[in-house]
Amino acid sequence: CRCVSVCRCVGVCPCVGKLLVVTVATKETDGFKRFFRSAKHLNYTVLGEGEKWKSGDYMSAPGGGQKVRLLKAALEEMTDGDKIILFIDSYDVVFASGPKELLKKFQQARHKVVFSSESLIWPDRHLEDKHPHVVEGNRFLGSGGFIGYLPNIKEMVSDWTGEDNDSDQLFFTKIYIDPVKRKSTNITLDSKCRLFQNLHGALDEVVLKFEDGRVRARNVLYDTLPVVIHGNGPTKLQINYLGNYIPNTWTFEMGCTVCHKDLHPLAALEVSSRAEYPLVAIGIFIQQPTPFVGVFFERLLKLQYPKHRLKLFISNQEAHHEGQISSFLKDHGSLYQEVKLVGPEEEMDPPASRNLGVDMCRKDKHCDYFFLLDIDVVLENENTLQILIQQNLPIVAPMITRVGRLWSNFWGALSADGYYARSEDYVDIVQGRRVGVWNVPYVSSVFLVKASLLRAELSDYELFTSTLLDPDMAYCHNVRSKEVFMYVTNMQTFGRILSTENYQMSHLHNDLWQIFENPVDWQKRYIHENYTLIMKDKLIETPCPDVYWFPIFSDVACDHIVEEMEHFGRWSGGNTTDARIQGGYENVPTIDIHMNQINFEKEWQKFLLEYIAPITEKMYPGYYTKAQFELAFVVRYKPDEQPSLRPHHDASTFTINVALNQVGRDYQGGGCRFLRYDCSVDAPRKGWTLLHPGRLTHYHEGLPTTAGVRYIAVSFVDP
């Protein structure tokens, strides 16, 4: 039976050996692979090949006659009168239970042939009155699944003389509504969905039931547990959702039971030639001003994958980022097998740039995968690419989320008009309460595609193009229309997605202003790597009484603050007359620039609250600060300008004094002396701050800078 897939169940029940499951499998789609997995899991053995599908599109028009023809041909050579035939679709079907339960329920039906049932009549509504009435349950026949004894089914299909594109549903319906034929064949419907569950018209009736380490689909209207679940008609997404759990694909007790099967291992390649690694084209897309672009390319460089097996396609439509891209390519571009850059001068819109990048891989016969990566993706897991390849899936995305929100790069469901809808499990997946690999209708921002798909099912060049949908929605719509499955994995933590809202480009180092929009990335970029260890590892030093010294800023933060101030360039003259402060008089003037002069005062206060206040409250027990300040500024000391600062008290409850560059390398001399204790900090460490009381007890002075230029950031907190 070359044109029909045959499944023979293996079990201990005496009648189980008489069951033969027949399904038309014209192509090994993702849906058929899922059907095969569920059959194998429940001890069905699948045999046979397929032929090109010639019947209609079930979503829009009658068709399916090819199935009847192939079934009729397959049954002609069978003679065992006790044989029981289960005929079902496969692309949109999963088994929820094994053959023993199926046969028991079939026998309880007390008919020779049992068809699945539906609440909706199709394809001919004019036949509604001819259908027998039922006491309870669905009234109309569904041809996607039926079970019966071989002689009865042979009799039923013996009169088939139709074309391949004729409707199988109409053929079986006419047999069922004919009282003589119905009685002769001994047909009934599974009206309460004990054997078969057709989802079309019944989505509100079907829920997942988790119990005793098993997952079933439950029909809540009839309180039944169907054995075969069929996503007929426009319910393909719903069967995909149920297939994430049935049969026991994911349970609360075991988690994901299939996530480590059918993998494409790369570990063996570590000891052999690294040239054997699949060739991956990485498409990087920059469509708008985005924070931390420099960090993005630093992470790209750290991706654990042989760079000579990577090709880069970079589409940049934002002139602001040209310098960062040029710097990366100048320093590291030669490491990659090939680099193609499309700049702003091309004026290429998002769909066109994505289509072009994908096509670069499609046309390269050596390209194995296309890895789409938007510039606002923070890919912290250096093994992401290897992990995705090893999943061995047609399209798979690493789950990323936006910090503090339920926003992610996948949708669990779609609304009726094809936009976002929240699936029941969406929040649990995003928050990590359910971990696995999930079949979903939409992925974006970062995902891996097998190049073989791009040359076959997804060979259309305009994958990302639509007059109505954005590029990612258009892409996913086209993928779904080809019955290709998309997956998202949250088996590991991969990263997050940046917020690009309110990103301003009016400064030299615009990322400094991202403490509100992207606080996690701001901390990783600008806060000292040892800050979180301050209390645990007792990194706070006490060089003088009640003076605390600890790491706060990264080298990058120090450099960016200094460069930002020098770029602004409006240093004060170091005079006592100062219009910037209340009253216009400064008793102890410095050459400085205030934070509010560069519109950084809100960000600076946020920094004080998040990173200084917790240390203050630990070191000065009983004191709680709101991190208010009137003065926060960067001071510049130069031998020929202002080398030092005379003894003084600060107008603050406490003061922070952060060294922004390195003694010995950038300048000589400098430091701070507390006169009352005759105690000095002579060698300030870059990125470390002094924290000390401002009034009364800690009379202090700035020691002379003898060479170079010294910069410090100072805040008088709680004046």
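Tutor: Asn392 sits in the loop between α11 (384-391) and β20 (395-398); helices here are DSSP runs of H or I with at least four residues, strands are runs of E with at least two, and both are numbered from the N terminus. Its phi is near 60°, a positive value in a residue that isn't glycine. Keep in mind that this is a predicted model, where local features need pLDDT of at least 70, side-chain atom pairs count only at pLDDT 80 or more, and totals for chains, interfaces and linings use all residues. Residues are numbered from 1 along each chain as its sequence is written, and side-chain values use heavy atoms, leaving out hydrogens and water.

Loops also hold two cis peptide bonds. One runs from Trp122 to Pro123, with omega near 10°, and Pro123 lies in the loop between β6 (113-118) and β7 (140-149). Another goes from Ile246 to Pro247, with omega near -5°; Pro247 belongs to the loop between α7 (236-243) and β13 (250-251).

Cys256 is joined to Cys259 by a disulfide, S to S 1.9 Å (the cut-off is a pair of cysteine sulfur atoms within 2.5 Å). That link is right-handed, with 95° about the S-S bond, and the structure holds three disulfides.

Now for some strands. β16 (residues 310-316) and β17 (residues 338-342) pair in the parallel sense over five bridges, where pairing takes at least two DSSP bridges. Ser315, for instance, has Val342 of β17 as its bridge partner.

Finally, the second largest pocket has about 810 Å³ of space. A pocket is an open set of points on a 1 Å grid over the protein atoms alone, where a 1.4 Å probe fits, with protein on both sides within 12 Å along at least five of seven lines; lining residues have an atom within 4 Å of a point. Of its 46 lining residues, Glu586, Val588, Leu631, Phe633 and Phe716 are closest to the centre. Elements giving two or more residues to the lining include β32 (629-637) and β41 (710-717), and β32 provides the largest share, seven residues.

Notes: Points joined across faces, edges and corners; volume = space filled by probe spheres on them.
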